[in-house]
Amino acid sequence: MAEVRINAEPRTEFGKGAARRVRRAGQIPAVLYGRGSEPVHLALPALDFARALRENGRNAVLTLALSGGPQLALPKTVVTHPIRNYIEHVDLLVIKRGEKVVVEVPVHVVGDALPGTLVRQELDRLEVEADVSSIPEAFEVSVENIEAGTQILANQVTLPAGVELRTDPEHLVVHVVVSPTAEAMGEGEEAAEEGEEAPAAAASEES
């Protein structure tokens with residue numbers, strides 16, 4: 001994964017009002033946490049940071065351009081507005097070249113299972129430990145021509161060399177099942193409707 005350079009400015013004002021002013025200026029309030037050091041409050045350029053995540057994922061390795069010199073950092077928490085979908089706040093973690101970090105990496109299901117099957121993805125991320133210079137962007141799980149009844153567990157997902165699985169190895173990631181028929185789906189809908197009508201009928205009788 002490539003390192004992304006981001007300019008970072010120190011923040012001296014705090015609170016909701018100060019955070020709103022930072023956002024109006026096209027920046028994101030951020031806090032940089034380091035091992036054994038006090039948190040550092042920063043403001044990051046919103047467009048540059050959003051582009052870094054879009055192009056490199058949530059585990060983008062950032063080189064923060066600080067007044068005291070460049071600092072490697074990894075996004076720890078990214079808070080997004082639930083409606084407007086802009087980044088409200090970021091927590092960053094100080095990292096060093098050559099060290100390993102524990103991160104969550106997305107799982108992408110690719111390929112087409114056999115006809116008459118339905119692919120259920122039970123887990124969309126795996127927790128792994130990896131060197132900061134080689135954090136995977138995503139893991140691919142192929143279901144090409146897989147039969148119904150097949151289960152793919154966490155320990156069956158192919159990981160790059162040097163990447164260690166932290167998720168429970170027996171955790172179910174993908175399950176390929178028999179696709180329900182139109183008749184079965186219709187019966188399920190009828191049962192649901194009957195279940196909804198029963199309480200209504202009982203309430204009518206009581207009244």
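The model is predicted, with local features needing pLDDT of at least 70 and side-chain atom pairs pLDDT 80 or more, while totals for chains, interfaces and linings use all residues. Residues are numbered from 1 along each chain as its sequence is written, and side-chain values use heavy atoms, without hydrogens and water.

Helices (H or I, at least four residues) and strands (E, at least two) are DSSP runs, numbered from the N terminus. Seven strands form an open, mixed sheet in the order 1-5-6-7-3-4-2. Strands pair if DSSP finds at least two bridges between them. Strand 1 (3–7) and strand 2 (9–10) are the edges; each has a single partner strand, so one side of each lacks a neighbour in the sheet. Strand 5 (residues 61–66) and strand 6 run antiparallel, joined by five bridges. L66 has G69 of strand 6 as its bridge partner.

Two helices lie across strands of the model, in contact (heavy atoms within 4.5 Å). Axes are lines fitted to C-alpha atoms, for helices over the stretch in contact; angles run from 0 to 180 degrees between N-to-C directions.

| Helix | Lies across | Angle |
|---|---|---|
| Helix 1 (residues 16–24) | strand 3 (27–34), strand 4 (37–45), strand 7 (87–94) | about 115 degrees to strand 3 |
| Helix 2 (residues 46–56) | strands 1, 3, 4, 5, 6 and 7 | about 95 degrees to strand 4 |

A nonpolar core is a set of buried (under 20% relative accessible area, 1.4 Å probe, protein chains only) Ala, Val, Leu, Ile, Met, Phe, Trp, Tyr and Cys residues joined through side-chain atoms within 4.5 Å. The largest has 26 residues, of which L126 and V173 touch the most other members. Strand 8 (100–110) is one of the elements giving two or more residues. Its share, four residues, is the largest. A second, separate core of 20 residues includes I28, L42, L62 and A73.

Definitions and conventions: Buried means under 20% relative accessible area, exposed over 50%, partly exposed in between (1.4 Å probe, protein chains only).
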